[in-house]
Amino acid sequence: MFGTTGGVALMKLVLLFCLFCCIRSASTVVPGKSPSMCAQGSPGLAGRNGVNGHNGLPGRDGREGAKGEKGVAGPPGPRGFKGEAGIVAVEQRNWKQCAWQKGDGRDIGLIKNCQFTKIKDDTALHVVFQGNIYLGGCGSCCKRWFITFNGVECSGPLPIDAMLFIHNSNSNDFRHGAIEGYCDNIGKGNIRVGINIGNCLGNRNTNGYTGSTSVSRLIIEEVPQSQ
């Protein structure tokens, strides 16, 4: 119908018309719709998982938690082994002191008794004598001071005594005497604890003296028996 030249001109007109329509459509924007006239494609396939990252640095310590509730009491434990027997002790200290200030010039015999009440049978007595003692007017002579219990010397284990020996007859000195010891095997009750003077074994009678102007004392205490 049209010549070659006419056909080419017609095609150009058609292309220009389409281009005009596209430009117009692009300038007119409808809310909620894309200005593009192209159709939306289908969603793509999900991508593959990426490579795991490196471990992070350790975090700081958290705050101290609240105190928990008291737990339930556990079952009783097994019974323990029987312990060793303890040392029997006197419930309260039982002691006495007898003191006097008087010289005694006797050479043999009892100087002073101190009455003491012993509470138990299975205890011992601790006795201390303190005072001046004297021996003089003789050469190579000896005197003995000793403790008695109800008039008898200690036998549990041995007597409590002290001796003074002088070699020079010109010696005329008062000396401080201290006699101390423990005695077992004494029953409970009233006990006469005495300080005595006598001759040393195998020696003749000589001049002795006890006390002078200083204070003499007997100290007695009931104590637990020795191990």
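Start at the hairpin. Strand 4 and strand 5 form it, with two residues between them. Asn150 sits in that turn, and its phi is positive, about 55 degrees. Keep in mind that this is a predicted model. The two strands run antiparallel and are joined by two bridges. Thr148 stands opposite Glu153 in strand 5.

Stay on strand 4, residues 141-149. Which strands does it pair with besides its hairpin partner? Strand 6 is one: the pairing is antiparallel, over six bridges. There, Cys142 stands opposite Phe165. Strand 8 is another: seven bridges, again antiparallel. Ile147 has Ile195 as its bridge partner in strand 8.

Now burial. How many residues of strand 4 are buried? Nine of its nine. In a regular strand, side chains alternate between the two faces of the sheet. So look at each face in turn. On one side are Cys141, Lys143, Trp145, Ile147 and Phe149. On the other are Cys142, Arg144, Phe146 and Thr148. Both faces are covered. Note that the buried set includes Lys143 and Arg144.

Next, a residue in strand 8. Asn196 lies in that strand, which spans residues 189-199. Is Asn196 buried or exposed? Its relative accessible area is 7%, under the 20% cut-off, so Asn196 counts as buried. What does its side chain contact? It makes a polar contact with the side chain of Thr148, at 3.0 Å.

On to the disulfides. The count comes to four.

One joins Cys138 to Cys141, S to S 1.7 Å. The torsion about that S-S bond is about 70 degrees, so the disulfide is right-handed. Cys138 and Cys141 are both buried.

Then Cys142 and Cys200. Their sulfur atoms are 1.8 Å apart. Here the S-S torsion is -60 degrees, and the link is left-handed. This pair links distant parts of the chain, 58 residues apart. Cys142 is in strand 4, while Cys200 is in the loop between strand 8 and strand 9. Cys142 has 5% relative accessibility and counts as buried. Cys200 has 5% too, and also counts as buried.

Then Cys154 and Cys183. The sulfur atoms are 2.1 Å apart. With 105 degrees about the S-S bond, the link is right-handed. Cys154 is in the loop between strand 5 and strand 6, and Cys183 is in strand 7. The two are 29 residues apart, and again the pair links distant parts of the chain. Both cysteines, Cys154 and Cys183, are buried.

What is the pairing pattern, with the bonded cysteines numbered in sequence order? It reads 1-2, 3-4, 5-8, 6-7.

Now the aromatics. A search of the whole structure finds two aromatic pairs. One of them is Phe174 with Tyr209. The geometry is edge-to-face: 5.9 Å centre to centre, with 90 degrees between the planes. Phe174 lies in strand 7 and Tyr209 in strand 9, so the pair ties together parts that are 35 residues apart in sequence.

Last stop, strand 10, residues 216-224. Strand 1, residues 94-100, is joined to it by seven bridges, and the two run antiparallel. Gln97 stands opposite Ile219 there. Strand 3, residues 123-136, also pairs with strand 10 in the antiparallel sense, over eight bridges. His126 has Glu221 as its bridge partner in strand 10.

To recap two items. Strand 4 has nine of its nine residues buried. And the disulfide count is four.

Note on methods
Residues numbered from 1 in each chain as written. Predicted model: local features only at pLDDT ≥ 70, side-chain atom pairs only at ≥ 80, totals over all residues. Heavy atoms only, no water. Helix = DSSP H or I, 4+ residues; strand = E, 2+ residues; numbered from the N terminus. Buried < 20%, exposed > 50% of the residue type's maximum accessible area, 1.4 Å probe, protein only. Polar contact = N/O pair within 3.5 Å; in protein donor to acceptor, adjacent residues only side chain to side chain. Disulfide = S-S within 2.5 Å. Pairing = 2+ DSSP bridges. Phe/Tyr/Trp six-rings, centres within 6.5 Å; stacked < 30°, edge-to-face > 60°.
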